[in-house]
Amino acid sequence: RRRRRRVGFTAPSIADPLQKPIISLRPETRAFAKGEGADIKCSGNYPGSRFDLYRDGDLISSQAAPARSGAATFALAEIAAGKYWCTYTKRLGGRAFTSPESERVGIAVWDALEKPTISLTPDTRSVARGESTAIVCSGNYPGGNFSLYRDGEFIASQPAREDNNTATFTTRSEEVGAGTYWCTYTKRIGGREFASPESERVGSSEDESWTRYAHCRTGLGDCHDGGHHLVRTRLLYVQER
C-alpha cells in the first residue's frame, strides 16, 4: 500500500526560549536624592529585541535594542521611588515571543541634604582671648557627620546624635584663629552616603585693642587708685561675609 505524501507541511523551527532579562542600575545604588537621574539597563538573550520598563506595574518606557545588541538602556532624567522591572519581546518565525519579567529593583528617593547653617556662640562680634567659643553647624537630617573647615583645610569632624541635626565645635578663642570658616555634613541613607553643599562662609579676624584698668590697693576698707595701665588684649570678632 502506497503512503500518501503530505503537501504544504513545514516542520516548525525550534528556537531558544527568551530568558528572564537582567536589570541593573548606574550608579549602582538603591537610594537617590530628589532630582537625581539614573540609567536602567535591561539585557536579554536575543539581539534587536524590544524592551519595556515598568514601575509599580505601570509601563513607563519602551525601547528597541540595536540589531546586534541584546540590551537596552533607559536614561531617566529624574528617577522616582518605586519597584522597577522589565520584559522584552522578539519576533521569531513571524511570531512575537515575550520574556518573563526581570527581578524587581526597589528604589528609594530622599530629600537632598540642604546647605547647612553656621553660627557662632556667643552671638557677638568680639570674644575676649581665652573665652570659650563655639561654632554651630546644623543640617536637615539628624545623625549627620559634620566637618569644619578653615581656609579650605579640614580642622575638625563631629557626629550629631541620631535625634539631633546639629553639631557644636567648642574651643578657646585663641584656638579658633583668623580665617574663613565653613562646614559640610554627610549622612548615610539606604546604604549610600550623601554629602551636603558647603555652608555660608564665616570670616574671623583677630584685633588688638588697648584696655585701661585701675590697679587698686585696699586698706582699711578703702580702695586707692594705684594708677592706670595700658594692657594689650587680643579680641576675636566674627562676621558673615
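In this predicted model, strands β1 and β3 run antiparallel and are joined by five bridges. Strands here are DSSP runs of E of at least two residues, helices are runs of H or I of at least four, and both are numbered from the N terminus. Two strands count as paired if DSSP finds at least two bridges between them.

The side chains of β3 alternate. A38, I40 and C42 point to one face and are buried. Burial is defined by relative accessible area: under 20% is buried, over 50% is exposed, and values in between are partly exposed (1.4 Å probe, protein chains only).

Residue numbers start from 1 along each chain as its sequence is written, and side-chain values use heavy atoms, with hydrogens and water left out. Because the model is predicted, local features need pLDDT of at least 70 and side-chain atom pairs count only at pLDDT 80 or more, while totals for chains, interfaces and linings use all residues.

The chain as a whole comes to one helix and 19 strands. Of its 241 residues, 31% count as buried.

In soluble globular proteins, nonpolar side chains tend to be buried together. A nonpolar core is taken as a set of buried Ala, Val, Leu, Ile, Met, Phe, Trp, Tyr and Cys residues joined through side-chain atoms within 4.5 Å. The largest such core has 20 residues, of which I23, I79 and Y84 touch the most other members. The elements that give two or more residues to this core are β1 (22-26), β3 (38-43), β4 (50-55), β6 (71-76), β7 (82-92) and β9 (105-110). I79 touches L25, F32, E36, G37, A38, Y84, I107 and V109, not counting residues up to four places away in sequence. A second, separate core holds 19 residues, including L120, I135, F146 and Y185.

Aromatic rings were searched across the whole structure, giving five pairs. Rings of Phe, Tyr and Trp (its six-membered ring) pair if their centres lie within 6.5 Å; planes under 30 degrees apart count as stacked, over 60 as edge-to-face and the rest as tilted. F51 and Y88 are stacked, because their ring centres lie 5.1 Å apart with planes at 25°. The pair links distant parts of the chain, with F51 in strand β4 and Y88 in strand β7, 37 residues apart. Both F51 and Y88 are buried.

Y149 and W182 are also stacked, with centres 6.1 Å apart and planes at 15°. Y149 lies in strand β13 (residues 145-150) and W182 in strand β16 (residues 179-189), 33 residues apart. Y149 is partly exposed at 22% relative accessibility, whereas W182 is buried at 9%. Y149, F154 and W182 form one aromatic cluster.

Charged side chains also meet rings. A charge sits over a ring if NZ of Lys or CZ of Arg is within 6 Å of the ring centre and within 35 degrees of the ring normal. The charged end of R201 sits over the ring of W182, 3.7 Å from its centre. R104 lies over the face of W85, at 3.6 Å from the ring centre.

Some backbone features fall in loops. A cis peptide bond, with omega of about 5°, joins R26 and P27. P27 is found in the loop between β1 and β2 (31-33). D56 is not a glycine, yet has a positive phi of about 50°. D56 is placed in the loop between β4 and β5 (58-64). At 49% relative accessibility, D56 counts as partly exposed. D151, in the loop between β13 and β14 (153-159), likewise has a positive phi of about 50° without being a glycine.

Terms used. Contact means heavy atoms within 4.5 Å.
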